[in-house]
Every structure is written in C-alpha cells, then in structure tokens.
Amino acid sequence: MTQDELKALVGQAALEHVVAGSVVGVGTGSTVNHFIDALAGMKDRIAGAVSSSVKSTERLRSHGIRVLDAADVERIPVYIDGADEIDHRGNMIKGGGAALTREKIVADLADRFVCIADESKLVDVLGAYPLPIEVIPMAAAQVMRRFASAYGAEATVRAGVVTDNGNLIVDVRGLRITDPAAMEVEVNQWPGVVCVGIFARHRA
C-alpha cells in the first residue's frame, strides 16, 4: 500500500475512538486530513469539533462539521492527532505542520490523546525528526544559539513559515532525546519560547 493509502486507513480507524454526541478534538496534518474526511460521514452524530489549526478548521467546515472555539469548551473526551515521531512510551515530536502550540492547547482539554500514525513514525529514541520550537520572532536567534551551546545541535528558522499565532518555527537537528519529559520542561522555560514540539506530558 502507498503511504497515502495507509494514512487513509488510519484516519478511518480513528472513528472508533470518537464518542457519539460529544465534541471531538481534531489535530493537524496529512493523516488528520483523512480522519476529517472520514468524520464527515458521522457529522450528525457528534456535537462538533475543536480544531488545532486554521487549515483543519477550514477542512472541517467544508464538510459541514461545526467548529467550536477552544475557549468555549471545558473538556473533550478525546483528541485525535498525528505525530512526526512517537516512541514506545507514547512520547511524541509534533509540529511539522507548525501547529504545535494549538495542538497542545486542544490536547490539554482532552481526557485522552489518540495518536494516528503509521509504523514509519515509531522510533526507539526521539530526535531523528527535527524538533520544532515555536518562538516569538525577536527570540529566534537567541534560542538557536542556546541549542548550539547546550546540546551541540543545529537550529534553523523554518523558511517562509509563520504560525497561526504570528510566530516563527525553529527546527532543531542533531538531538537524541532520551528524557523527553525533562527536555520539554526545560526548553519551555527559555525566554521567547512559546512551545516546544515534545509531547511528553500530553503523550498518547
């Protein structure tokens, strides 16, 4: 099967986790797009969706699925999203679609995170995929220097990308993330960092 066919199967299978009559959290990315398309077939059996990106919101609405603002929802039973990498403990790297901050916000509303990904995303140790960091523009150079000095890693601003929040994405290469939870806490405290693309607290 092709990669796209596998993603379509995964997106369809994720419908099993949607709680009828509830609001479902919807992530961002190519695999999630397949889930959204599949979700359209049961749109009359859900109360709506909370979306993690403008692109997902547009796709949901194109199918006639009601989209609610996260600020108007206290909790959701399940958040369904993909991953760029996931280890055997459910820790993930996310942010390839530049929506990591909003993805964490929606994930934090959810009782459960269901990660939809094919086996190519499964790794023993996170870090082969570049780690995305959302930063405010004035802090980008400072954050990149800090990754070089603290981790010996190469960090670059993702060209031509501005997040839905108006910020930049810094991609970090050359990491081997053996303690995702600790690194998530550390980097999130650096000045200018809006969000780091390690999902350890909100793991699948």
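Modeller: A residue counts as buried under 20% relative accessible area, as exposed over 50%, and as partly exposed in between, with a 1.4 Å probe and protein chains only. This is a predicted model, in which local features need pLDDT of at least 70 and side-chain atom pairs count only at pLDDT 80 or more, whereas totals for chains, interfaces and linings use all residues. Residues are numbered from 1 along each chain as its sequence is written, and side-chain values use heavy atoms, with hydrogens and water left out.

Colleague: Among contacts between residues at least 6 apart in sequence, what percentage joins residues at least 24 apart?

Modeller: Contact here means heavy atoms within 4.5 Å. When the contacts in the protein chain between residues at least 6 apart are considered, the share that joins residues at least 24 apart is 73%.

Colleague: Is helix 2 largely enclosed or open, and how many of its residues are buried?

Modeller: Helix 2 runs over residues 30-39, and its buried residues include Val-32, Phe-35 and Leu-39. Their cover includes helix 1 (3-13), strand 1 (23-26), helix 3 (54-62) and strand 4 (79-81). Helix 2 is therefore largely enclosed by the rest of the structure, its buried residues being 7 of the 10.

Colleague: Which backbone nitrogens lie at 3.2 Å and 3.1 Å from a polar atom of the side chain of Glu-184?

Modeller: Glu-184 sits in helix 6 (residues 180-188) and, at 6% relative accessibility, counts as buried. Among the residues that it touches, leaving out those up to four places away in sequence, are Lys-104, Val-196 and Ile-198. A polar contact is a pair of N or O atoms within 3.5 Å; within protein, one must be able to donate a hydrogen and the other to accept it, and residues adjacent in sequence count only if both atoms are side-chain atoms. The backbone nitrogens in question, at 3.2 Å and 3.1 Å respectively, belong to Ala-200 and Arg-201.

Colleague: Which side chain is joined to that of His-202 by a polar contact of 2.8 Å?

Modeller: His-202 belongs to the segment after strand 13 (198-199), and its 14% relative accessibility makes it buried. Not counting residues up to four places away in sequence, His-202 touches Met-92, Lys-104, Ala-107, Asp-108 and Phe-113. The partner in the polar contact of 2.8 Å is the side chain of Asp-108.

Colleague: Which backbone oxygen does the side chain of Gln-189 reach?

Modeller: Gln-189 is placed in the loop between helix 6 and strand 12 (193-196), where it is exposed with a relative accessible area of 60%. At 3.1 Å, the side chain of Gln-189 reaches the backbone oxygen of Val-185.

Colleague: Finally, at what distance does a polar contact join the side chains of Gln-3 and Asp-118?

Modeller: Gln-3 is part of helix 1 and is partly exposed, with a relative accessible area of 39%. Setting aside residues up to four places away in sequence, Gln-3 touches Asp-118 and Ser-120. The polar contact between the side chains of Gln-3 and Asp-118 spans 3.0 Å.

Definitions and conventions. Helix = DSSP H or I, 4+ residues; strand = E, 2+ residues; numbered from the N terminus.
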